[in-house]
Amino acid sequence: MNRSNAGANTNILQIVLDVIIMVVAYLIDLLCFGSNLEADTLMGYTILCGVFALIFILSNKEEYLYNVTLFYYMDRIHRKLTKSFLIAMIATAAVMNYVVGFEKGRKFYFLYLIFSYALICIKMFLYKPLMSYIQKDHVPRTVFVGKVGAFNKFRYFMEKTSIRIELVGYIAATRQEMEEDSNHQYIGCLEDLDTLIRTYNIDQLYIIQKHSEELPFTQKYVDLCIEMGVTVRLIVDFYKRRRANSYVSTVGTYPVITYHTITLNTYEQMVKRAVDLVGGIVGCILASPIMLVTAIAIKLDSPGPVIFKQVRVGQNGRHFKIYKFRSMYVDAEERKKELMAQNEIAGGVMFKMKDDPRITRVGKVIRKFSIDELPQFFNVVQGTMSLVGTRPPTIDEVEKYQRNQWRRISIKPGLTGMWQVSGRSNVQSFEEIVEMDLNYIDNWSLTLDIKIILKTVLVLLKHNDAC
């Protein structure tokens, strides 16, 4: 499978904001002057305003104003926006008399143009600082591979665009290059890339590819990153694409080929997060009566806290606290070592035991119906988990991961997932779990998420396969 990523370079948020601006301008105009128009006249000018907005947005797209790599020079942006505005205004004004020909209506429409242009200019000035503030906690952790000086011009170009990164540091191409660095600018060298990805929770790498003779050398580390689910951006003239999905973009005068194994399209990420947020809030509200009864039952059944908090591993190795109802005795973690010999999952990475003696009486009931996982709706609302994803592993599990298994944590962990709806009690091999998780990552779509959520409901209704 190879996705085209046709929308990967499109800033969907810009389009959404422009649509909102057009609607707000119309509503302001409506509140001020709409009562003076007859219904037929108002309908005609409403259609005209809608056509204006459509032409304006299409013209902006033609001017590449919605491209994430567009240099955000204020004079250029203003010139392009004004050009698109004039094109839309002239096109709609030319047919205005054929749509409606009332004097009051014309005043309504021209005031709409004034309001919309004023709002467009305000957005133009506020957009970049606003986006920097909104995205400050959601930027990819990035390293540059190569000599620091080689990236100076590239970083200059990047800062002019809407692309945001959290620069972790530089990685030397060779150990000798790192050892010769008297300024200690490197966090490591490519020979240790596997370890560096794990240590620094790297999301993506930028590699400047200058000479064709370096291709075999670079390909080795591209393959390593793809195997671990880390995005690679090669700044090259050409590159031999292998199994990863890819798309081409430019930053200034630099062509960039991106290789990735997970979706990068902004609109898909926005849709998934929106679904998570709504689903998480609804889940918290609907499950609150059950959670209250469960909390009381746990408190009466055995000593210890009601909520079990544990550090789990999230996207690309990030640590977060997962919330669950306590279903085991408080000394469960200490007793786990004694029971490892009875682990039912082959490979020793995960632990699962059918009749686990550490589970309390209430714990057996809430696990059977997966009630113990309801507090994870709060994780979903926080953004540390998703409604659908891969199972969130423990720190000790991740320490045992082989390179090809790391890719299963290249997305946010989920409240449910492919494994949970595929007869999880019958899965006896960790490799099978990894295969199902990677299948989900490679084939993600909103439709697939909905199917998994519906299947999860059916599994819970049957109250089997719980663990």
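Helices (H or I, at least four residues) and strands (E, at least two) are DSSP runs, numbered from the N terminus; two strands pair if DSSP finds at least two bridges between them. The structure described here is a predicted model, in which local features need pLDDT of at least 70 and side-chain atom pairs count only at pLDDT 80 or more, while totals for chains, interfaces and linings use all residues. Residues are numbered from 1 along each chain as its sequence is written, and side-chain values use heavy atoms, with hydrogens and water left out.

Strand β9 covers residues 319-325 and pairs with β8 in the antiparallel sense over seven bridges; Val311 has Lys321 in β9 as its bridge partner.

Arg312 also belongs to β8, which spans residues 307-313. With 10% relative accessibility, Arg312 counts as buried (buried means under 20% relative accessible area, exposed over 50%, and partly exposed in between, with a 1.4 Å probe and protein chains only). Its side chain makes a polar contact with the side chain of Gln310 at 2.7 Å. Such a contact is a pair of N or O atoms within 3.5 Å; within protein, one must be able to donate a hydrogen and the other to accept it, and residues adjacent in sequence count only if both atoms are side-chain atoms. Not counting residues up to four places away in sequence, Arg312 touches several residues, including Arg318, His319, Phe320 and Pro392, where contact means heavy atoms within 4.5 Å. Arg391 lies 79 residues from Arg312 along the chain, and their C-alpha atoms are separated by 10.0 Å.

Next comes the open sheet of seven strands, which has mixed pairing and the order β3-β2-β1-β4-β5-β7-β6. The edges are taken by β3 (186-189) and β6 (245-251), each with a single partner strand, so one side of each has no neighbour in the sheet. On average, neighbouring strands are turned by 25° against each other, direction ignored. Within the sheet, β4 (residues 204-208) and β5 (residues 231-235) run parallel and are joined by five bridges, with Gln204 opposite Thr231 in β5.

Two helices lie across strands of this sheet. Helix α5 (residues 152-159) runs at about 80° to β7 (254-260), and helix α7 (residues 193-200) at about 140° to β3; axes are lines fitted to C-alpha atoms, for helices over the stretch in contact, and angles run from 0 to 180 degrees between N-to-C directions. In α5, Phe154, Phe157 and Met158 are buried. These residues cover an arc of only 100° around the axis, which puts them on the same side of α5; the arc is that of the directions from the helix axis to the C-beta atoms. The buried residues of α5 pack against β1, β4, β5, β6 and β7.

The largest nonpolar core has 60 residues, and Leu193, Ile197, Leu205, Phe325 and Tyr440 have the most contacts inside it. A nonpolar core is a set of buried Ala, Val, Leu, Ile, Met, Phe, Trp, Tyr and Cys residues joined through side-chain atoms within 4.5 Å. Helix α14 (residues 430-442) gives the largest share of this core, seven residues. Apart from it lies another core, of 29 residues, among them Tyr45, Leu48, Phe85 and Met124.
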